[in-house]
Amino acid sequence: MESVDNIALLLARLQFSWTIGVHILFPSFTIGLASYLAVLEGLWLKTGKQVYIRLFKYWVKIFAVVFAMGVVSGIVMSYEFGTNWSVFADKTGPILGPLLAYEVLSAFFLEAGFLGIMLFGLSKVGKKLHFTATLMVAIGTFFSAFWILSANSWMQTPQGYSINDVGQFVPEDWLKIVFNPSFPYRLMHMVIAAYLTTAFVVGAVGAWHLLRDKTCEGARVMFSMAMWMAAIVAPLQIFVGDMHGLNTMEHQPAKIAAMEGHFETQKGAPLILFGIPDMEAEETKYAIEIPKLGSLILTHHADGEIIGLKAFPKEDRPNSLIVFWAFRIMVGLGTLMASLGLFSLWLRWRKKLYDTALFHKAAVLMAPSGFMAVIAGWTVTEVGRQPYTVYGLLRTNQSAAPVEAPAVATSLLIFIIVYFVVFGFGIYYILRMMKAPPTPGQTPTASSHPIGLDSIMSTQTGKEDN
Amino acid sequence: MFDLPTIWAGLLALVILIYVILDGFDLGIGILYPLLQKGEERNTAMNTVAPVWDGNETWLVLGGGGLLAAFPLAYAIIMPALYVPILAMLFGLIFRGVSFEFRWRNPRHEKIWDAGFFGGSLLATFSQGIVLGAFVQGIAVDGRAYSGGWFDWLSPFSMFTGLSLVFGYAFLGTMWLILKTEGELRDRLYKLSLPLMLTVFLLTGIVSLWTPFLSPEIFARWFKMPTLLYLSPVPIIAALLAWRIYVNLKRQNDYRPFPLALGLFVLSYAGLGISIFPYVVPRAITVAEAAAPDASLGFMLIGAAIFLPLIFIYTGYSYWIFRGKVKAGEGYH
């Protein structure tokens, strides 16, 4: 019986990680894109330049598709807490429920209420009200991030609660709950990650069109804006990520040990660059290390002490193999993003930003980097929280719903198929929209794709401007 | 009487009612899709709700989130008990939700997303009807958890409520489209509306008569003096509303049938409430037993007091902006 329960638990975990993993891709993009749209429309109102409103119309269609996918995959999440994690829902509902309710009340309605006006209303409400609607949508995406990250952070660093006689977490101090210790760092880290995700998608689309037509004004403007973002925000993200890491070391040392692949507690710990953490053997095999650097980074002292996984009972350790590698993927991608951003500054200074094909190709390749880094980062923080749902207090294996394994297996299978099909189509449509040039080219180089949908779509764009 | 759990029970009931009213016609349009002509008619029908569907569906998220927050125990029991229909509803909502955008993205794929919009709306509605029926029927509870199997929800009654809701939402959708469209499309919907209304009335009648026989407790609640006396206006008002809808449809007044049809839904919903209160899991867990502590409910009530009025204002504003008949070819796509 126990093994059957374990299978049901494993399936429920797989289902949650699949549905949340797919879902997070959409808000990661829309949080940044909503702000970008607000900036574009604001610039249009301020300068009156046509290129900004053209870019707005170009990206708003993409935004609508991504947003719709975010909505439908998000509704799933608000019910899955109950369908698959009912014990968790019962116990944490009094604390997490109100946080989620605030998210719906302050964010989802705002986004949904003004999205219609943003998409359909420019001719009905006039420029200024329309801009207000765009701003409301952007603010909504931020509020949403605020509440959901507060809820997640409370699960990582719970405080301000007590436990009642039926085992529920009940609120004692809402300020402490909302502003729990890891929340400010996680919020900053995630919002910046969303901005970077968007910047690298916008940058890649700009670069792709620059490779076809260097003079395309829309492509130049969006590429330039994206590279400013990358140059300023990617390095900032490394700094914020470091602060987040230090906060984690204070509150979740086991997660840090898993991230670093450290099993022994030691002073002057090395930085393990690569290796294969082996949970059974309790060591990181084939480790390539730099002496003392681990302590230097984490404690800012060469001889600082770093706690290893062995300091925790075996059943309380997160899986280091996953966390270690996910962390390296995230950091690696972040470093690449910052490098690209900084290199763009040099090209800009040399006035070659729009002429360096190799750089544009690199930017195209970096299109998915933000999404990959977001998934890797969430893997670090969520797998690193294991074996708990509420850190140190409620175990994952005591959180699941009493749903039989065949039911979960069936739903998981359907989720996988449906998400691949539906969101596969969605991504295909988005790529098609991105393929159309953002503004008509001034030179006939656009003839690289003279017939077909691209030209039809660009004609349509032209029509809308009239 | 007006303690926080009761207030929240009332608020949640209101939220779910608003959801049914707003997303009902919206899902109904999807159910009607095969009856509309491909291309222009379907475009117009979809455009009557395209600016507002997302907001309508947000009430469902608030319903789920609100239940988790205000009555976590009920949420923890109901969701696993209704695992299959809840997930089926979610899958349906995925297909119909993305159809609003995907349908316009590639002319060659229009067929796929017409089917997705119809199939998704139908599945979501049928599942919601099943959820309703299975919920009223009762859920096996042991301690703080659901204790039944994963097919307990399946019964003649829940199938029947599923079917009834499909017709009910299709009826609301018809009234909405009569309100929002013109010409040939509206004329055809007028022809459809009367048989559809009679069907809905018949089905609602059967469900209403069936419900008291599900449990002696519900029976006692309805057929007991003096309650019977207080409740007797419910069927009378329902008959009156149906008469008014009939008259207005005959006169081809585009604007009145929709609000009157909503009135019918509100009335059925009130009848449902009478059958259930004060339980939040029928005849197993009461509102008071499942309620989160006052510290949670009070904190949330502040949020509801601030945000709900704002939501009403800007949602109303959005409906106001997109008021009037939708002409063929409108939309941003």
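**Salt bridges within chain A**

A:Arg395 counts as partly exposed, because its relative accessibility is 22%. The model is a predicted one. Over all chains, the count comes to 18 salt bridges.

- A:Arg395 forms a salt bridge with A:Asp316, and the closest N and O atoms are 2.3 Å apart.
- This pair links distant parts of the chain, 79 residues apart: A:Asp316 is in the loop between strand E6 (305-306) and helix H11 (320-349) of chain A, and A:Arg395 is in strand E8 (residues 394-395) of chain A.
- A:Asp316 counts as buried, because its relative accessibility of 18% falls under the 20% limit.

**Salt bridges within chain B**

- B:Arg188 and B:Glu41 form a salt bridge in which the closest N and O atoms are 2.5 Å apart.
- Here too the pair links distant parts of the chain: B:Arg188 belongs to helix H8 (residues 183-210) of chain B and B:Glu41 to helix H2 (residues 40-47) of chain B, 147 residues apart.
- B:Arg188 counts as partly exposed at 29% relative accessibility, whereas B:Glu41 counts as buried at 9%.
- A further salt bridge joins the side chains of B:Arg103 and B:Asp114, at 2.4 Å from N to O.
- B:Arg103 lies in the loop between helix H5 (83-102) and helix H6 (110-137) of chain B, while B:Asp114 lies in helix H6 of chain B, so this pair ties together parts that are 11 residues apart in sequence.
- Both B:Arg103 and B:Asp114 are buried.
- B:Arg103 and B:Asp114 also belong to a network of salt bridges that links them with B:Arg42 and B:Glu110.

**Interface of chain A and chain B**

- The size of an interface is often given as the accessible area lost when the parts come together.
- Between them, chain A and chain B bury about 6300 Å², and 77% of this area is on carbon and sulfur atoms.
- On the side of chain A, the residues that lose the most area to chain B are A:Tyr79, A:Phe109 and A:Phe120, which together account for 13% of what that side buries.
- The contact involves 73 residues from chain A and 65 residues from chain B.
- How many salt bridges does the rule find across the interface of chain A and chain B? The rule finds one, formed by B:Arg144 with A:Asp90, whose closest N and O atoms are 2.9 Å apart.
- Between chain A and chain B, 16 residue pairs are in polar contact, with both residues at pLDDT 80 or more.
- The elements that give two or more residues to the side of chain A that touches chain B are helix H2 (50-84), helix H3 (86-120), helix H4 (122-125), strand E2 (169-171), helix H14 (405-435) and helix H15 (453-465) of chain A.
- H3(A) supplies the largest share of that side, with 24 residues.
- By residue class, the side of chain A that touches chain B divides into 51 nonpolar, 16 polar and six charged residues.

**Two buried residues of chain A**

- A:Trp59 lies in helix H2 of chain A and is buried, because its relative accessible area is 0%.
- Leaving aside neighbours within four places in sequence, the contacts of A:Trp59 include A:Phe29, A:Leu33, A:Tyr36, A:Val201, A:Met222 and A:Met434.
- A:His209 lies in helix H7 (residues 183-212) of chain A and counts as buried, because its relative accessibility is 4%.
- With neighbours within four places in sequence again left aside, A:His209 is in contact with residues including A:Tyr58, A:Ala219, A:Met434, A:Pro437 and A:Pro438.

**Hairpin of chain A**

- Strand E4 (residues 271-278) and strand E5 (residues 283-290) of chain A run antiparallel and are joined by six bridges.
- A:Ile276 stands opposite A:Lys285 in E5(A).
- The hairpin of E4(A) and E5(A) has four residues between the strands, and A:Glu282 takes a positive phi near 55°.

Note on methods: Residues numbered from 1 in each chain as written. Chains lettered and ligands numbered in written order. Predicted model: local features only at pLDDT ≥ 70, side-chain atom pairs only at ≥ 80, totals over all residues. Heavy atoms only, no water. Pairing = 2+ DSSP bridges. Contact = heavy atoms within 4.5 Å. Buried area = accessible area lost by both parts, 1.4 Å probe. Salt bridge = Lys/Arg side-chain N within 4 Å of Asp/Glu carboxyl O. Polar contact = N/O pair within 3.5 Å; in protein donor to acceptor, adjacent residues only side chain to side chain. Nonpolar A, V, L, I, M, F, W, Y, C, P; charged D, E, K, R; others polar. Buried < 20%, exposed > 50% of the residue type's maximum accessible area, 1.4 Å probe, protein only.
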